[in-house]
Amino acid sequence: VRHDVPWWTFDAADRVEAFLRERPGSRALEWGSGASTVWLASRCAAVVSIEHDVDWAASMRPVLPANAELRVVPPRDARTRLTREVVASAKPGFADLDFADYVAEVDRVPGVFDLVVVDGRAREACLERAVGRVAPGGLVVVDNVDRARYRDAIARVERQLGGRARVTWTRGRTPTLPYPTRTALLEPSP
């Protein structure tokens, strides 16, 4: 936060910043709060961040500006969900948790968004929801796409859109990792 950088690749951050400069008054939505929330809030008119971790959200609240809304939706115990399909996170340690409410929280936020960031839990399910909430000419950021499951999710979305999407794969350093990684920028076309 102090350095005013999101934790994506530097190339992705530069591209998103240029995109937002061309769209004054932008609205952004993200799954997974953090430095990107504050960074986006300084470049957008409004940011809605959906967070699963109650403790992390409590640490974020003091640094969020007034135009950033933080919605906390903790996962439920998947072993008790009998009425609908469980939305899982493949991250180790999260196997018995259901992120269905976390993913669906976007449905409670009105309107479309110029930018949607997928950088929290259950990213594959979030990405599917994100595409339907992007304004025409908008952009979806998917972080950590070195993981095959995220690349597979992007490929599924591309197929669902019938090739009406452009994906830019960025690779390089980030402010937080000691090794290069990738962030994808997905531009769905109407």
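Begin by selecting A122, which counts as buried because its relative accessibility is 3%, where buried means under 20% relative accessible area, exposed over 50% and partly exposed in between (1.4 Å probe, protein chains only). The model is a predicted one, in which local features need pLDDT of at least 70, side-chain atom pairs count only at pLDDT 80 or more, and totals for chains, interfaces and linings use all residues. Residues are numbered from 1 along each chain as its sequence is written, and side-chain values use heavy atoms, with hydrogens and water left out.

A122 sits in the loop between β6 (113–118) and α5, and its phi is near 50°, a positive value in a residue other than glycine. Helices (H or I, at least four residues) and strands (E, at least two) are DSSP runs, numbered from the N terminus.

Next, select N144, in the loop between β7 and α6; N144 is not a glycine either, yet has a positive phi of about 60°, and at 15% relative accessibility it counts as buried.

Now select residues 148–160, helix α6, whose 13 residues reach 18 Å from the first C-alpha to the last, close to the 18 Å expected at 1.5 Å a residue (1.5 Å times one less than the number of residues). Which residues of α6 are buried? They are Y150, A153, I154 and V157. Seen down the axis of α6, these buried residues fall within an arc of 100°, so they line one face of the helix; the arc is that of the directions from the helix axis to the C-beta atoms.

Finally, move to G162, which follows α6 and has a positive phi near 60°.
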